[in-house]
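Open the model in your viewer and keep the sequence panel beside it. This tour tells you what to select at each stop.

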Amino acid sequence: MRQLCLLLLVVTVTFCGPVSAGGVYSEDDEIAALKKELQELRTENRSLREENRSLREEIRELKSGSQRGDGVDPSAKDQIVGKVWEITATGRGGKRFGPARFLAHNGNIYVDSLDNAKIGTYTEKGPNVRIDVFNSSKTEVNGIYTLIQISKEPPTYTGNATNTKGVVFRVQLRMLND
C-alpha cells in the first residue's frame, strides 16, 4: 500500500508539472505573467515618483511664496471680508491645475466677491477642512474636498478631492489673507 501511494505521487508530479492557484501552467507562462506584472509595477512606480516630485516642487513653491509675500496687496487687507484661499490640484501623471483663488466667509465659498452667488460650503474642525463645491461653472471642480493642515505659516492644507464624476485628485490649499 505504501509503495502504491508513493508511485501515484511520483506519477502525479511527473505528468502534472508545476501547479499554481490558477491551475496548471508551464514555466514559460508563469515567467511571462511575472514579467507583465513587473512591467505594470514599474509603470505605477514611475507614475508615483512623478507625482511625488510634483508635490515636493509644489511645497517648495508654497514655502518660497510665503517668504517673498503672497502677491496680495497689504493695503487691500482691510477691504477683504473673509479668507482668501488659493487652491492647486494635481491630477494623474503630475498634471497641475490652478492655482485658483476664492473667498471663504461664514461657511460659504464665493468667487471674487461676496456679491456673487456662492459656489459651495466649507467646515473647519481643528486641522481638518471639508469643502463641498456644488455650484461652480466648471463642472469638474464640483465635488467634495477633504483636507488636513500641514503648515501654520502660512496656513496650508493638503488632501484629496473627489469630483461629481468620481475622479480623485490631490489638492493643495493655502490661505493668502484672513
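Two strands pair if DSSP finds at least two bridges between them. Helices (H or I, at least four residues) and strands (E, at least two) are DSSP runs, numbered from the N terminus. The model is predicted: local features need pLDDT of at least 70, side-chain atom pairs count only at pLDDT 80 or more, and totals for chains, interfaces and linings use all residues. Residues are numbered from 1 along each chain as its sequence is written, and side-chain values use heavy atoms, with hydrogens and water left out.

**Whole chain**

Color by secondary structure. The protein chain has two helices and 10 strands. Along the sequence the pattern reads α-β-β-α-β-β-β-β-β-β-β-β. Of its 178 residues, 29% count as buried. Buried means under 20% relative accessible area, exposed means over 50%, and partly exposed lies in between (1.4 Å probe, protein chains only).

**Strands β8 and β9**

Select residues 143–152 for strand β8. Now click Gly 143: its bridge partner in β9 is Asn 163.

Move to β3 and β4. Seven bridges join these antiparallel strands. Select Trp 85, and find its bridge partner, Phe 102, in β4. The hairpin of β3 and β4 has five residues between the strands, and Gly 93 there takes a positive phi near 75°.

Next, select residues 108–110, strand β5. β4 and β5 pair in the antiparallel sense over three bridges. Leu 103 has Tyr 110 as its bridge partner in β5. This hairpin has two residues between the strands, and Asn 106 takes a positive phi near 50°.

Show side chains. A salt bridge is a side-chain nitrogen of Lys or Arg within 4 Å of a carboxyl oxygen of Asp or Glu. By this rule there are six salt bridges.

Select Arg 101 and Glu 86. Their side chains meet in a salt bridge (3.3 Å, N to O). The pair links distant parts of the chain: Arg 101 is in strand β4 (residues 96–105) and Glu 86 in strand β3 (residues 83–90), 15 residues apart. Arg 101 is partly exposed at 42% relative accessible area. Glu 86 counts as buried because its relative accessibility is 10%.

Arg 174 lies in strand β10 (residues 168–177) and Glu 86 in β3, so the pair ties together parts that are 88 residues apart in sequence. Both Glu 86 and Arg 174 are buried.

**Helix α2**

Select residues 27–68, helix α2. Zoom to Glu 57 and Arg 53, whose side chains meet in a salt bridge (2.9 Å, N to O). Why are Glu 57 and Arg 53 separated by about one helical turn? Because they are four residues apart in helix α2. Glu 57 is partly exposed, with a relative accessible area of 28%. Arg 53 is also partly exposed, at 42%.

Last, go to Glu 27, in the same helix α2. Is Glu 27 buried or exposed? Glu 27 counts as exposed, at 57% relative accessibility.
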